[in-house]
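The entries follow in the order in which I looked.

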Amino acid sequence: MEPRAGVSKHDIREQIWDYMEARNLADFPRPVHHRIPNFKGASRATEHFPRLQAFKTARTIKVNPDAPQKNACFFVLNISAPLSSKKTLLVPTPRLRTGLFNKITPPPGATKDILRKCATSQGVRNYSTPVGLDSRVLVDLVVVGSVAVSEKGWRIGKGEGYADLEYAMMVSMGAVSQGTPVVTIVHDCQVVDIPETLLEDHDLTVDYILTPTRVITTGCERPKPTGIVWSKISCEMMGKMPVLRSLRCREEQAGKDVTLRDKHRSLPGARATLSTVRSPRELPSLESGSLQGEHVPSSTVYVGNLPRDARVSELKRALSARGAAPSQLTWQGPQRGAFLHYRDPDEAWQAISRLQGFCLGANTARVALARHQGASGPAGGRAGEPHPDP
């Protein structure tokens, strides 16, 4: 099957999904549209995996556990029985919400059935531990899913960009290099010509393609992503992925350009220094983490769980020490909290990254982006009332 001339990535995805469903090549879960498609013969294709020299020499293998890659996870875990062949399996944290990697550790004496469960989402929940950014992990081999791939090694995913982003994040934390091989497991019909004009700098390429009938060594010479392209990252993505915020903070401190795709201009009237601290007397009403009737933009951060005897000056010094001094601060002493107002959402997310684990006195503060309540907000709140993002 070859794509039509002048097609887009979306066209190629739809063409392959339709083809696999129409010819009953797809396997559970179905329909395969908007997924990394599972296919009949995936187990046969994965049998090539442990025969690859790259697999034999790898010690730490990261596998995206889409349905066609489940057997790849199993092979990594199963071969770890002999001490001389021990391998570590890393899987991405679901949707990168709580981190980048989870390490799968089967229970002692695990049977093959248990090992197969370890290779599923249930395994991530029950048999894994998070791997932090400071772990200095080195990944020897990466396995990703694909919707389409070419014999030249060019790859198209399902369109959400997670595999590309995960790889770029691994580059940023030093876990992979240009020489780290990348494998994908697909049906033969998913191997198509992909116009080079569709490829972008952030697109991940592959070195080996495993199908039910063959192993393709692509010899791809196109460079893999060299890190996170921050200009393609949105504030919304930053909000959902704390690990992304931490990486951005590190790269900013290293002097890199970390401007986001939808970086807002400075808010009108924002102040450059923390010169205005508003007291409770200046506010019409203050209730547990909300500023009544006031407009608080998405560039406002709520800090809660402060000590009962905390002072504004103490909080200001602590924020400055963390490099998170806001343009303006709204004090909520009786409620043991404060709203920190920054010039734009970009600055707010930087502050949240820098305030991870922030303590004042003996208290670990709660830090979250403030957001508006709806017209019928909680507890009868009025429209436009901001409160901590839960």
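This is a predicted model: local features need pLDDT of at least 70, side-chain atom pairs count only at pLDDT 80 or more; totals for chains, interfaces and linings use all residues.

**Surface and overall make-up**

Residues are numbered from 1 along each chain as its sequence is written, and side-chain values use heavy atoms, with hydrogens and water left out.

I found 11 helices and 20 strands in the chain (DSSP runs numbered from the N terminus, helices being H or I of at least four residues and strands E of at least two). Of the 390 residues, 51% are buried (buried is under 20% relative accessible area, exposed over 50%, partly exposed in between, with a 1.4 Å probe and protein chains only). Among contacts with a separation of 6 or more, 68% are between residues 24 or more positions apart (contact means heavy atoms within 4.5 Å).

**Cores**

I then asked which residues of the largest nonpolar core touch the most other members. In this core of 61 residues they are F101, M170, W230, L244, L315, L340 and F358 (a core is a set of buried Ala, Val, Leu, Ile, Met, Phe, Trp, Tyr and Cys residues joined through side-chain atoms within 4.5 Å). Helix α7 (residues 162-172) gives the largest share of this core, 6 residues. A second, separate core of 46 residues includes I12, A54, V91 and C189.

Leaving aside neighbours within four places in sequence, the contacts of F101 include L90, V91, V137, V139 and M170. In α7 I also checked A163, which counts as buried because its relative accessibility is 9%.

**Helix α10**

In α10 (residues 312-321), I found V312, L315, A318 and L319 buried. Seen down the helix axis, the buried residues of α10 fall within an arc of 130°, so they line one face (the arc is that of the directions from the axis to the C-beta atoms). R317 and A321, on the other side of α10, are exposed.

**Rings and charges**

I counted 3 aromatic pairs (rings of Phe, Tyr and Trp, the last by its six-membered ring, with centres within 6.5 Å; planes under 30 degrees apart are stacked, over 60 edge-to-face, the rest tilted). The rings of F74 and F75 have centres 6.0 Å apart and planes at 55°, so this pair is tilted. The charged end of R116 sits over the ring of F74, 3.8 Å from its centre (NZ of Lys or CZ of Arg within 6 Å of the ring centre and within 35 degrees of the ring normal). The charged end of K87 sits over the ring of F55, 4.9 Å from its centre.

**Backbone**

I looked up cis peptide bonds and found one joining F28 and P29, with omega about 0°, and one joining R30 and P31, with omega about -5°. P31 lies in the loop between α1 and α2. Phi of N305 is near 60°, a positive value in a residue other than glycine.
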